[in-house]
Amino acid sequence: MGGATPSPITSTQRTCKTRSLVPISNLLQPADFETLKALATQACSQIPVNTAPKYLEEVETTGLSNGMTQLQMSAEDAALTKQKHAGALIPLDAVVKVFCVHTEPNFSVPWQMKRPYNSKSSGFIISGRRLLTNAHSVHFQTQIRVQGRCSSKKFLARALAINRDCDLALLTVDDDEFWETMTSLVEIGDLPDLQEAVTLVGYPVGGNTMSVTRGVVSRIVYTSYSGASYFLAVQIDAAINCGNSGGPAFDDKGQCVGIAFQKLTTDCDNIGYLIPTSVIAHFIRDYELNGDCTEFPALGITWQTLENPDLRNALCMAAHLEGICVLEIEPTSPAAKFLQPSDIILSFDGVNIANDGTVPFLNGERINFGYLVTAKYMGEQAKFQIFRDSVIRNFDIELQTYKPLIPKYIKGRAPSYYIIGGIVFISVSVPYLCSEFDDDFCHAAPPSLINKYLHSVAHTEDEELVIVSQILDDEINIDYEDCTNCQVVSFNGKSIRNLVQLTQLVETCREPFLRFGIEEHHQMLVLDSRKAKEATPRIMKTHCIPSAISEDLLPSLTGL
């Protein structure tokens, strides 16, 4: 890390002085016992109230200034004692180093895998011979090993469940020797309070030994996890660096209050985020109920705030009503059977939603109502109160998720592809867009694809966005080299719903020509059927491609 880390004692002393000093003007009162007793309590909660007489005596004999000095010094001593006691409670031996070898699919060249790479991160032991870490620490893993703090040996681990949405992974180690050396485990605590001190433990860059840093909870927000799904997150001011991922943050009782997973790096310093215990508990409970991790529920709607009075009047909303206005509904969402555009959602599960889309949260604050949805489990019922056509209606809706037209991830398999006559067809996913145009693909990808990503929806569970990803040059596809990253909308006059359907239509085609309708400028790619099928093996050999059809598509051709 850049520069030396301040010692915890220095940091705590600085904090203690801020908390223990009281303006002198507050003390210019008769120095009776009750006044000073109350001041001692206000100045530093760590000092037992029954010690106040000692400071009263100091005030009487040496003056007000010395009395307050003694009070301040005692507050600092108490804070240091509390910190040392908290350090003794933190189960440092339960925090492990996680070594992973990742082998990711190549979404741009889907018949290949990328070169393997190694990563180091953190994790910790929980009950049931299990370990918790981040999903991004072990995704696309080909090997996982873990090493205890006091051990020189690395043990093979395996993934029990990985959820990319909430960025959590559950691991285990089958070797009993590992568990014999691990004598402590981490208990999951509650959501921390604002300004509560936290201790972040892990193995970040800058050394091979354990790192322990202190910070405070700055805020609790509803935010994006790595640019994908939205959940609660705890913002802290302790440094989070590469390698901290998956490491626990402890409160002063030695309980885990979050897991380090991301930080802001643009125009800011020391803004890191923890996955809070509510999300952690949801993930673990989901695994225990289902033997795997299911997705978090989502409403699948876009909505608008109703803070503008003219907008509210146009919707015939009475002054006492508050809520949000539904704009669009994903057709594959369960909510599509109940909700309609222009519906006003007044409450979710009995919690009233304000005109700005917020609901009451901890300590009198307010937060986006979406956190209530992600706190539920797939298949759970939720009560919706809706204002429609000047009438309040109530619905019980089973919460599920929805099928996006362009999925965020491809789970458990390599990407699908189909090749005919050197034309490579794929179904678009976010990993493909990132592979082709980098993580900031919204500024680099063709506008037609970005428009589909941002605004188009899947009308059926099996609908996909099929495109021509590349042209493998051959005399049969001459002059088609510029028709890449364009959507395929039809084949021989039939609308294309997904890649499986396109593959089946082409493979069973008995017509003399293969006509692919392209959305971009209404173009047409035409191949001679016989020549295309004869040329495909030659093209495959030239480009060292093992198969013209991805393995997952082969079963769909059986019996055709």
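Ser342 is partly exposed, with a relative accessible area of 46%. The model described here is predicted.

**Residues with positive phi**

- Ser342 is not a glycine, yet its phi is positive, at about 80°.
- Ser342 sits in the loop that runs between strand S14 (324-329) and strand S15 (344-348).
- The loop between strand S2 (117-126) and strand S3 (130-133) holds Arg129.
- Arg129 has a relative accessible area of 38% and is partly exposed.

**The barrel**

- Six strands form a closed barrel in the order S1-S2-S3-S6-S5-S4, and their pairing is antiparallel.
- From one strand to the next, the twist averages 40°.
- Six bridges join strand S1 (residues 95-102) to strand S4 (residues 141-147), and this pair is antiparallel.
- Val101 has Gln143, in S4, as its bridge partner.

**Aromatic rings**

- The structure contains 15 aromatic pairs.
- One of these pairs is Phe441 with Tyr453, which is edge-to-face.
- A pair of aromatic rings is described by the distance of the centres and the angle of the planes.
- For Phe441 and Tyr453, the distance is 5.2 Å centre to centre, and the angle between the planes is 80°.
- The pair counts as edge-to-face because its angle of 80° is over 60 degrees.
- Phe441 lies in the loop between helix H9 (430-437) and helix H10 (447-455), while Tyr453 lies in helix H10, so the pair ties together parts that are 12 residues apart in sequence.
- Phe441 is buried, with a relative accessible area of 5%, whereas Tyr453 is partly exposed, at 29% relative accessibility.
- Tyr225, Phe231, Phe261 and Phe296 are linked into a cluster by ring pairs.

**A charge over a ring**

- Lys154 lies over the face of Phe99, at 4.9 Å from the ring centre.

Conventions:
Residues are numbered from 1 along each chain as its sequence is written. This is a predicted model: local features need pLDDT of at least 70, side-chain atom pairs count only at pLDDT 80 or more; totals for chains, interfaces and linings use all residues. Side-chain values use heavy atoms; hydrogens and water are left out. Two strands pair if DSSP finds at least two bridges between them. Helices (H or I, at least four residues) and strands (E, at least two) are DSSP runs, numbered from the N terminus. Axes are lines fitted to C-alpha atoms, for helices over the stretch in contact, and angles run from 0 to 180 degrees between N-to-C directions. Rings of Phe, Tyr and Trp (its six-membered ring) pair if their centres lie within 6.5 Å; planes under 30 degrees apart count as stacked, over 60 as edge-to-face and the rest as tilted. Buried means under 20% relative accessible area, exposed over 50%, partly exposed in between (1.4 Å probe, protein chains only). A charge sits over a ring if NZ of Lys or CZ of Arg is within 6 Å of the ring centre and within 35 degrees of the ring normal.
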